[in-house]
Structure formats: C-alpha cells, structure tokens
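Let's walk through this structure together, one region at a time. Keep the viewer open and follow along as we go.

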Amino acid sequence: MEPIEIGLVVSGGLLVLVVLGMRVAFAAGLAGMVGLIWIFWAKFGYDPSRFGKALTIAVKTAGQVPHSKVSSQALSLIPTFILIGYLAYYAGLTKALFEAAKRWLAWVPGGLAVSTVFATAGFAAVSGASVATSAVFARIAIPEMLAIGYDKRFAAGVVAAGGTLASLIPPSAILVIYAIIVEQDVGKLLLAGFIPGAFSAVIYGILIIGMALTIKGFGPAVSGFTWKERFVSLPPALPILFVVVTIIFFVYNPFGGDAWGTPTEGGAIGAFVVFLMALYRGMRWAELKDALLETAKLSVMIFTIIWGVLIYVRFLGFADLPGAFSDWITSLTMSPMLILIMILLAYAVLGMFMDAIGMLLLTLPVVYPAVMALNGGEFVSAADSTFGMSGPMCAIWFGILVVKMAEFCLITPPIGLNCFVVAGVRDDLSVQDVFKGVTPFFIADAVTIALLVAFPAIVLWLPGQV
C-alpha cells in the first residue's frame, strides 16, 4: 500500500476507536504508533526479518515527540492560565463579579440570566478553562436563578453555555494549543479572541432578552438596586480588570514599541497577581492545595492529549495525508467560501463525538493546510488572496472560527463536557436537563459563527493594530 492509503486506513481506525469510547490521547497515540510501524515496514517491503528494524525506528520517531513538542515555551502558558482561574475562584473574585453584574444588569428582562452570561465572560478573562468556569457558576448563579422562578433546565443551560466563553476570551488554553499546532503568533491569537468573545456574550444576552420578552413567566427582571449599591459592587470586581490589563500589557504594549514581555511571562505574572489577591482575601493552605491539584489534573489531561495526538501527527507527516487533502480541497470546483462552511459544519458533527481539544489536535494538521491553500497560501498578500486577507491574518481568522466551533462542541450532545460538569455539580439536575437547557444557545452560536464568517473584521481588527 502507498503511504497515503496507509494514512487513510489508520485514520479510519482512529475514528472507530474514538467512537467506541477510547480516550483521544490513547487512541491517537496507538494509531500513530501503528501507522509509523506500518509505513516503515512497508518501506522494507514487508520483510518479516526487518519488522524489528521498522519497530525500532517507529519507537524512536514517536519517542522524540513528547519532549521536543511539550518543552515548547508557549505550552507553559496553559498551566498558568488554568491556575489563574482556580486562584480567582478561591480569592472570591467570581462572587464579586457575579454580584456586580447582577446589580448592573438584572433589571433587564431575563436579567439574572444575562448577568450570569456577562459574569462568566468576565471570569473567562482570567480563566483559561471552560470546565472550571461552568463548575464555578453552577454553584453561584443557578441557586439564585432558581430562587426567583427560572426553569432549572434553562438556568443550567445558561451556565453551561456561558462557560464556553472561556475557550475564546483570553487567556484561552485552546487558542494557545491552536497557535502551537499551526505555528502562529500566540500573542496575536490571544488578542484576536477578545472582540469575538465579547461579541458572543452579547449575542447570548440578546437571545435571553428576546426569550424573556416573548415567553410568559420567563425569568423575571430583578429591580431594587440603588445607584449607590451598584457603584459599591464595582471595587471588589476590579481585580479582574487589573489581571486582564496586566496580561494584555505583556502580550501587546498599548503605548507603542516592543511588548513588555512574552505571553508566557504575562501568564506567570497574572497568576502571581491573583495569588497575592487570594492571600489578601484570606485563602488558606487547604484552598491553595485544591487550586494547585485541580490545575495539575487539568494540565496533565491536556498535555497527555497533546502527546498522543502529536505522535499521530508525526505519522500523518510520513503518510503525506495533509498535502494530499490540501490538493484535493483546492481541486474542488465549488466556491472556496462554501468549502470553508462545509469544513465548519464537519467540525460541528465531529464535536458531537470528541472533546474540543482532541478534535482540534487531530484535525488541524490536515485541515489547516487545506484552508491556507484555499486562501492562496500561508504567505499570500491580501490583494492576491481568496478571502481578502493575508496568509497570517487568515490563520488568525480561521483559528477563531475553529475555536468558536470548539465552544459549540462543549455543549452539544452526547459528550458536551460543560453539560456533564454542570450536572455533576448540581444533584438536582440530570445531564439530559442541561442538554435541553442549552438548546436555544445553539441558535445564538450559529448566528455568531455566521457573522464572524461574513465580517472577518470582527476578528482581525484588534490583532491588526499590533
């Protein structure tokens, strides 16, 4: 068999393993290892006496992956971003943020749900993990919504959908992973996530207000807060803004000139600032221990997925599957924009069966070169491109689109992770309840993605200022 044929067979086997329930990290690592052995043995003409040699080469090739890739400086951002979120929770910043959002926004129709969305967006600005965001606000926001008469399924859906904003609003672990896989600037990608993330929160808010205006008895507005009470709620929530500004200044110097540091340094300083805030607010050793353990668990899970998938990616390189897929995509006679939309729809379907990080890691090595080829190449100018943007800008735009699709996959059945987290935190909710509650937000996400595709400037304006 030719290498490309081997690549297709092994990739098909990988999908079967994932559908059968094997963890992505182990399925990808196993598929990549089998593929490497197969390709090297094929080069030896399937000589039984040389199978050991093929096995040795494959093991050495795969063994180089964990250290060479995970030792990347950019990947050290992931633990610091996750740690920021857990420390912020133990510092009490989440409760302060929710209280401020409630006092300023709860007067609108469906106000408490709208407040929850914008509070999760604010917390997302210091948390790199959607799961952590959903877990935190399941404890804080759902009881208050239930107390004033919200349907428990919709209240859970608001929290699960709001938690997805952490995937897009920096600091975002998924954006960092995308930048590493496609070898693009981490700082620009993080900057690019701000406006689309805020835009997504606004679309969620509009959806909730629309439902409150049209559905009788839906989420009553909460009034009675004085202007003094509103302004008093702001200072406890301001540390969130301080941490965000600290990270932005290290990624992008708004005063001109060189950046003050690398994104990695910005993440580390952001974590240190939140740590000091948590100590000032009375965090004890037990809480610090929990924050560190939760950060370690989530970081290890992400790094394990990266290790396994990168072994598979190394195999794809030997099979030349990414190049073959790019050639096939560019040979299609249909509109490039239509092809892009079909790729995004494929992500929506794939996300029903895979977790977001695993899905991106498995597909990007093949899909990303194809999208770049559709636009005219990685180094094409805006004037000569298909989508009206340069190669680097197209990489950023596509990155935000696929990360938004990853957000979408966090709430889609049957394995929408955020829905399982919310149900796990609340004993009175089943996973089916949460999935029913997030259904309206599918429409909001579809509208958001359509607008990001139609108006790339929403994504590209901020990184274009660097």
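Domain bounds, as used here, come from an automatic or database domain assignment. By that assignment, the chain is divided into domain 1, residues 1-71, and domain 2, residues 74-297. The C-alpha centres of domain 1 and domain 2 lie 40 Å apart. A word on the ground rules: this is a predicted model, in which local features need pLDDT of at least 70 and side-chain atom pairs count only at pLDDT 80 or more, while totals for chains, interfaces and linings use all residues. Residues are numbered from 1 along each chain as its sequence is written, and side-chain values use heavy atoms, with hydrogens and water left out.

Helices here are DSSP runs (H or I, at least four residues), numbered from the N terminus, and strands are runs of E with at least two residues. Helix α1 spans residues 3-19 and helix α15 spans residues 285-319; they pack at an angle of about 150°, with their axes 8 Å apart. The axes are lines fitted to C-alpha atoms, for helices over the stretch in contact, and the angles run from 0 to 180 degrees between N-to-C directions. Angles under 35 degrees count as roughly parallel, over 145 as roughly antiparallel, 65 to 115 as roughly perpendicular and the rest as oblique. α1 and α15 are therefore roughly antiparallel to each other. On the α1 side, the contact (heavy atoms within 4.5 Å) is made by P3, I4, I6, G7, V10, S11 and L14, and on the α15 side by Y312, F315, L316, F318 and A319.

Next come two residues with a backbone feature to look at. D320 is found in the loop between α15 and α16 (321-331). Although D320 is not a glycine, it has a positive phi of about 60°. D320 is partly exposed, because its relative accessible area is 44%; buried means under 20%, exposed over 50%, and partly exposed in between (1.4 Å probe, protein chains only). Y46, in the loop between α2 (24-43) and α3, also has a positive phi, near 55°, and is a residue other than glycine. With 31% relative accessibility, Y46 counts as partly exposed.

Helix α3 (residues 51-70) holds K53, which counts as partly exposed at 48% relative accessibility. K53 and W41 are twelve residues apart in sequence, and their C-alpha atoms are 8.1 Å apart in space. Another partly exposed residue is W260, at 46% relative accessibility. W260 has its place in the loop between α13 (234-251) and α14 (263-280).

Now for some buried residues. T164 sits in the loop between α8 (152-163) and α9 (173-182). Is T164 buried or exposed? At 0% relative accessibility, T164 counts as buried. The T164 side chain reaches the backbone oxygen of A161 at 2.5 Å; a polar contact is a pair of N or O atoms within 3.5 Å, where within protein one must be able to donate a hydrogen and the other to accept it, and residues adjacent in sequence count only if both atoms are side-chain atoms. Leaving aside residues up to four places away in sequence, T164 touches S130, Y204, E407, L410, I411 and N418.

T120, in helix α6 (residues 111-124), is buried too, with a relative accessible area of 0%. Setting aside residues up to four places away in sequence, T120 touches T133, F137, G162, G163 and L165.

Not counting residues up to four places away in sequence, I174 touches S167, A356, I357, L360, V403 and A406. I174 and G149 are 25 residues apart in sequence and 35 Å apart in space, C-alpha to C-alpha.

The last stop is C409, in helix α19 (residues 391-409). C409 is buried, with a relative accessible area of 3%. With residues up to four places away in sequence not counted, C409 touches Y347, G351, M359 and G416. C409 and V18 are 391 residues apart in sequence, yet 15 Å apart in space, C-alpha to C-alpha.
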